[in-house]
Amino acid sequence: MALSKKMMDYVCNTAQEAMELLTTLAKIPAPSNHEEKRAEFCRDWFLKAGAKDVYIDDALNVVCKLGECNDEVDVFMAHSDVVFPDLEELPLSVTEERICCPGIGDNTTSIIALLMAARYAISEQLQPRRSGLLIVINSGEEGLGNLKGSRKIMEDYGDRIHHFYTIDGWNGKMINIAVGSRRFRVTIETEGGHSYNAFGNRNAIAYMASMIDALYTIKPPTGTSYNVGVIQGGTSVNTIAQKAEMLYEFRSDRMDAMEQMQAHFDACVSFYRQKGVRIEVEVLGERPCTGDVDAVEQQKMMDKANQAYQDYFGCEAQFGSGSTDCNIPLSRGIPSLCLACYNGEGAHSREEYVLIDSLLPGRKLVMDIMMSYFA
Ligand SMILES: [Zn+2]
């Protein structure tokens, strides 16, 4: 174990305080794009902890800079937004074994592990191994956020980031490969008309159905999926549909497969455009997949995380692909890992809970990994 006795004592002696911080923060609503309240709470908390350089950026990220940060930096982040639109206090209850609250695990518990580890570094005035360490409580990870917070950090610090961690996993599932996705709204419009008098006019629904059929002719490469999730259109049973709309997405963990899917989609769209119907394509979301990442550095991060997981949770971590804040740095070749720091169930449901006895091991894990980035 890499934690000194002093660090271990700090984690254990602040268990009650961390628990109170968790139950306080978890109740603060934070829908994607409206994380203001949580952001202000976290900024004030950093300042009270003695941090010198803290700011909230345009994307609503709270950034706490440790060290000068004028050259290479390492990044630790945890997202503040939750999938629930609530603007009122989120309902929280505690039993002997569990804390229940929408968003309690994903991602409030991770934020607490990050805040508490950062405070140790602040109060002990630890010197980062590189020019600085960025502690970020970031915005916009969930669906509608479209990784806004992570994109902003990459925009501001991208080329200088050496290692990037986000804490956003549970039950030992760590994510080291980014699944990319692209989401579209496709609208088809035709002249339509009366179903009897104008019979023979083009029907938007018929074109849409045919186009969907064409989209489904592709056999996707491994690790790749696609889906038409919503379809709507038409006016009435005796009207030739003038307009039809669908939501379509594809995903992959490989860049070449993403391009292959894009090419197939583009070909379908242009084929139907050539038939003279009006087709509009709106991009609703875009998450890149893993790019050219240094495999040795990436493996080092995974080995360290796996060792810490074994030390504190007593079993091996599992690594795999997923869509997280790491998508942005991974797409730009920065070694990145999404850490898991608690056990629980029900993420993205109002019945979500975390197991109280997993909180301390999780804090130790985050502390252990973060401390290795200080001199
Ligand atoms: Zn999350």
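Visitor: Before we start, what does "buried" mean here?
Guide: A residue is buried when its relative accessible area is under 20%, exposed when that value is over 50%, and partly exposed in between. Keep in mind that this is a predicted model.

Visitor: Good. Is Glu35 buried or exposed, then?
Guide: Glu35 counts as buried, because its relative accessibility is 0%.

Visitor: Where does Glu35 sit?
Guide: Look in the loop between α2 (15-26) and α3 (36-48).

Visitor: And which residues is Glu35 in contact with, leaving aside neighbours within four places in sequence?
Guide: Those are Ala30, Leu60, Ser80, Asp81, Ser139 and Gly140. Ser139 is 104 residues away from Glu35 along the chain, yet their C-alpha atoms are separated by 6.5 Å. As for Gly140, its backbone nitrogen lies 2.8 Å from a polar atom of the Glu35 side chain.

Visitor: Nice. Let's zoom out: how is the protein chain divided into domains?
Guide: Domain 1 takes in 5-177 + 289-371, and domain 2 covers 180-287. Taken over C-alpha atoms, the centres of the two domains are 38 Å apart.

Visitor: How many residues does each domain bring to the contact?
Guide: Domain 1 contributes 14 residues and domain 2 contributes nine residues.

Visitor: What area is buried between domain 1 and domain 2?
Guide: About 830 Å², with carbon and sulfur atoms giving 48% of that area. On the domain 1 side, Asn146, Cys289 and Ser323 lose the most area to domain 2, and together they make up 50% of what that side buries.

Visitor: How many salt bridges are there between the two domains?
Guide: The count there is zero. Three residue pairs are in polar contact across the interface, though.

Visitor: How many salt bridges does the structure hold?
Guide: There are 20 salt bridges in the structure. One of them joins the side chains of Glu259 and Arg182, at 3.0 Å from N to O. Glu259 belongs to helix α7 (residues 255-273) and Arg182 to strand β9 (residues 180-189), so this pair links distant parts of the chain, 77 residues apart.

Visitor: Which of those two partners is buried?
Guide: Arg182 counts as buried, at 15% relative accessibility, whereas Glu259 is partly exposed at 44%. Both also belong to a network of salt bridges that includes Glu286.

Visitor: What about Arg185, which residue does it form a salt bridge with?
Guide: Its partner is Glu282, and the closest N and O atoms are 3.0 Å apart. Because Arg185 lies in strand β9 and Glu282 in strand β14 (residues 278-287), the pair ties together parts that are 97 residues apart in sequence. Arg185 is partly exposed at 27%, and Glu282 counts as partly exposed at 40%.

Visitor: And which residue does Arg202 pair with?
Guide: Arg202 forms a salt bridge with Glu191, where the closest N and O atoms are 3.3 Å apart. Arg202 is in the loop between β10 (193-194) and α6 (204-215), and Glu191 is in the loop between β9 and β10, so the pair ties together parts that are eleven residues apart.

Visitor: Last topic, helix α5. Which of its residues are buried?
Guide: In α5 (residues 148-157), the buried ones are Gly149, Ser150, Lys152, Ile153, Met154 and Tyr157.

Visitor: What do the buried residues of α5 pack against?
Guide: They pack against the strands β1 (53-56), β2 (62-67), β3 (73-79), β6 (132-138) and β7 (161-169), and against helix α9 (327-331).

How values were computed. Residues are numbered from 1 along each chain as its sequence is written. This is a predicted model: local features need pLDDT of at least 70, side-chain atom pairs count only at pLDDT 80 or more; totals for chains, interfaces and linings use all residues. Side-chain values use heavy atoms; hydrogens and water are left out. Domain bounds come from an automatic or database domain assignment. Contact means heavy atoms within 4.5 Å. Buried area is the accessible area (1.4 Å probe) that two parts lose on being put together, summed over both. A salt bridge is a side-chain nitrogen of Lys or Arg within 4 Å of a carboxyl oxygen of Asp or Glu. A polar contact is a pair of N or O atoms within 3.5 Å; within protein, one must be able to donate a hydrogen and the other to accept it, and residues adjacent in sequence count only if both atoms are side-chain atoms. Buried means under 20% relative accessible area, exposed over 50%, partly exposed in between (1.4 Å probe, protein chains only). Helices (H or I, at least four residues) and strands (E, at least two) are DSSP runs, numbered from the N terminus.
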